[in-house]
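Me: I would like to learn how to read a few features of a protein model. Could we take them one at a time, with the general idea before the case?

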Amino acid sequence: ANTGLSAEDALSIMRIAGRSSIVKLVDMSEMNPVIEDYVTPRLAVQMAYNFLIGYCQRQKVLPLRRRPYRLRISHLSQLICVEDIQDQGFRTGEYMSKLQVIQDGAILVDQHGIIAYVGTTKDAPQVNDCDIDTILDGHGKAAIPGLCDAHTHSVWAGDRVHEFAMKLAGASYMDIHKMSGGINYTVKHTREADEEMLYNDLVKRLKCMNTLGTTLVECKSGYGLDTPTEMKMLRVIDRAQKDLPFLDIVGNFCGAHSVPEGSTEEQAFETVINEMIPVLAKEQVEGRLSSVKLIDVFADEGVFSATSAKQVLEAGAKIGLLGNFHGDELTYQGCGELAGKLKCRAVSHLEQVSNAGIASMKESHTAAVLLPTTAYVLRITPPPARNLIDSGVPVALGSDFNPNAHCLSMPHVMNLACITMKMTVEEALVASTLNAAYSMGMETTHGSLEVGKCGDIVLVEAPRWEHIIYQFGGLPPLCAVIKDGFMRHTSPLLDFTSRGKICEECGRSCGRCEVGTRERKRFRS
C-alpha cells in the first residue's frame, strides 16, 4: 500500500526475510505506531504475512500461493536416518549400532518444515521444480539428522579461564568450589549481568553451536541460586527459543545447582521448594516460560543430598516438569536408583553410578546423558558407557558447555565419546540425535529423519558420514546445517542453485531460473 509492491514482490521479500539473520523494519503501512527497530526474522515474517493477508482481503484479491515444498535433496551418497526402529522413542543395546545406510538418498521437506519423504532418489515422489524453494544436489555428500545437545549451561556471565591453571596444578572441582570459585564465581557475575547482556551472549554461543551442526539444545538455568536471577535466566532461554529460527531450545530449571555462599543446604532447599518452583509454576500458568520443560538438581556430596534431590524432582513433577538431573558425578549417591524410582527422563554424568542404579534406569527407560568433556577437563574416570549400553539403558551425549568445560561442538563430543568411553561411531551418532532428543522429551519431533518430523538435517562434505566424527582437528566437514527445511548455515562451496529460464508454467522464479539464482546468491552473500 505504501510502496506499490505487488503481492509477488512482497512474498519474495518475506522469503528473503525468513532466511536472513536479522531484518530491519522501518515502516509497515497502516500500523501504529511506526515500527523502527531490529526484530527477529520469525516476528518479521509473521507481521509481514498478517499485514499482507489483511491487505489482500480488503482489496478482495488472493495472495500468491506458496510453493508446497521448501527443500529437496537428492542423490546423496549416504543418508543416515537414525529411525526409531524400537518404537520407543530411543535406541538401546545392539540397536544403537544398527544404522541403515541409504545409498543415492533423497529428502523432501514441506512448507511447514516437516519431512514429507525420506528414502532413495529413485522412489522419491515426482515433484515439479517450480514447487520447491530450494533444490540441492547431494552427490559426494552424506546427510544425518540435526545434532541434539542434551546438556548445556549456556546462560552465564564471567568466564573462568583463570581456574584452568589451578586445575592443571592439581586443584579438584570441589577444592576450587570451596575457594569461592567454580559455580560461586559464575553466580556472582550472572547476578550482576542484565538480561540483555545474558541474551546477547547466549545468542552468540547458540549460533556457534548451530554452525557446528546442533539444531536442538537443552539449556539450564542454575547460575542465579536466588529467585530473581533464576527467573531472569529462564526468561533469556524462553526468549531465545521464541526468537531464534536456527535451532530449538528446551529449558531446564536448575535452581538447585549449588548451595549459595553463606547458606546451608537446608536453606537452599527451602528456597527452591517454597520460592522458585511456585514462581515458575505461576509464570507457566500465565502463559510465560513455555520452553521450560525439565527440572534439574545437582545431587552430590557437598551439594544436595539424594533426599533433597528426590523432593525437588517430585515438586517439579507436580507442575509438569520432567526430571533431568545431575547425579553420581563425583561420589556415589544412588542417583540411578532414584531416577528409576521416580521415572525421571534422564540423569547426567553418572561417573560413579552403581550396577543397581543401571538396572533401575533400564527398567524406567531413564536416559543416561554422558558428558565426555567433563571427565576430560576434570581428569576423572569417564562414566561406564559400555556397561550402560550393554545393559540396555538409552545413552545420550551432551557437550556440558559451561565456564568449566568450554565446548560447543557436538562432533568433538562424539569423537571424545569414541576415544575415551569406547563407544562406536554408530552409538555416538544415535546418542547425539535420537537418544539425546528423547532425554529432553522431544523424540516425537526431533532426533531422526523420518516422515512427520522436523526437517533438521546436517550435510557432511564427504561421501561417508563418519567424517563428522573422524575429522576432529579443525572445523567439522559440514557443508550445510538445515533447520525446518531452511538453510541456516552453508559452506561457500555448496552449490544449491540451478540455472535456467523463468518457469513459463507458473511465471515465477523456480529453482532453475536466473531470477532464482540471483535471489539465492544475494541471500548467501
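Reply: This is a predicted model. Take a charge over a ring to begin with: lysine 98 lies over the face of tyrosine 95, at 5.1 Å from the ring centre.

Me: Over which ring does the charged end of arginine 205 sit?

Reply: The ring of tryptophan 156, with the charged end 3.9 Å from the ring centre.

Me: How many aromatic pairs are there?

Reply: Rings pair if their centres lie within 6.5 Å. By that rule there are two aromatic pairs. Phenylalanine 90 and tyrosine 438 make up one of them, with 4.6 Å from centre to centre and 55 degrees between the planes.

Me: Why does the pair of phenylalanine 90 and tyrosine 438 tie together parts that are apart in sequence?

Reply: Phenylalanine 90 belongs to the loop between β4 (78-80) and β5 (101-102), while tyrosine 438 belongs to helix α16 (residues 434-439), so the parts tied together are 348 residues apart in sequence.

Me: Is phenylalanine 90 buried or exposed, and what about tyrosine 438?

Reply: A residue counts as buried under 20% relative accessible area. Phenylalanine 90 has 2%, so it is buried. Tyrosine 438 has 6%, so it is buried.

Me: Which residues form the other pair?

Reply: Tryptophan 156 and phenylalanine 401, in a tilted arrangement with 6.0 Å between centres and 35 degrees between planes. Tryptophan 156 is in the loop between β10 (147-149) and α3 (162-168), and phenylalanine 401 is in the loop between β17 (395-397) and α14 (410-421), so this pair links parts 245 residues apart in sequence. Tryptophan 156 is buried at a relative accessible area of 4%, and phenylalanine 401 is buried at 0%.

Me: How do I read a sheet?

Reply: Strands of a sheet pair through backbone hydrogen bonds, either parallel or antiparallel. Here eight strands form an open sheet with parallel pairing, in the order β10-β11-β12-β13-β14-β15-β16-β17.

Me: Which are the edge strands?

Reply: β10 and β17, each of which pairs on one side only. From one strand to the next, the twist averages 25 degrees.

Me: How many bridges join strand β14 to strand β15?

Reply: Four bridges join β14 (residues 322-327) and β15 (residues 346-349), and these strands run parallel. Glycine 327 has histidine 349 in β15 as its bridge partner.

Me: Which strands does helix α7 lie across?

Reply: Helix α7 (residues 227-243) lies across β11 (214-220), β12 (248-256) and β13 (292-299). The helix runs at about 175 degrees to β12.

Methods: Residues are numbered from 1 along each chain as its sequence is written. This is a predicted model: local features need pLDDT of at least 70, side-chain atom pairs count only at pLDDT 80 or more; totals for chains, interfaces and linings use all residues. Side-chain values use heavy atoms; hydrogens and water are left out. Rings of Phe, Tyr and Trp (its six-membered ring) pair if their centres lie within 6.5 Å; planes under 30 degrees apart count as stacked, over 60 as edge-to-face and the rest as tilted. Helices (H or I, at least four residues) and strands (E, at least two) are DSSP runs, numbered from the N terminus. Buried means under 20% relative accessible area, exposed over 50%, partly exposed in between (1.4 Å probe, protein chains only). A charge sits over a ring if NZ of Lys or CZ of Arg is within 6 Å of the ring centre and within 35 degrees of the ring normal. Two strands pair if DSSP finds at least two bridges between them. Axes are lines fitted to C-alpha atoms, for helices over the stretch in contact, and angles run from 0 to 180 degrees between N-to-C directions. Contact means heavy atoms within 4.5 Å.
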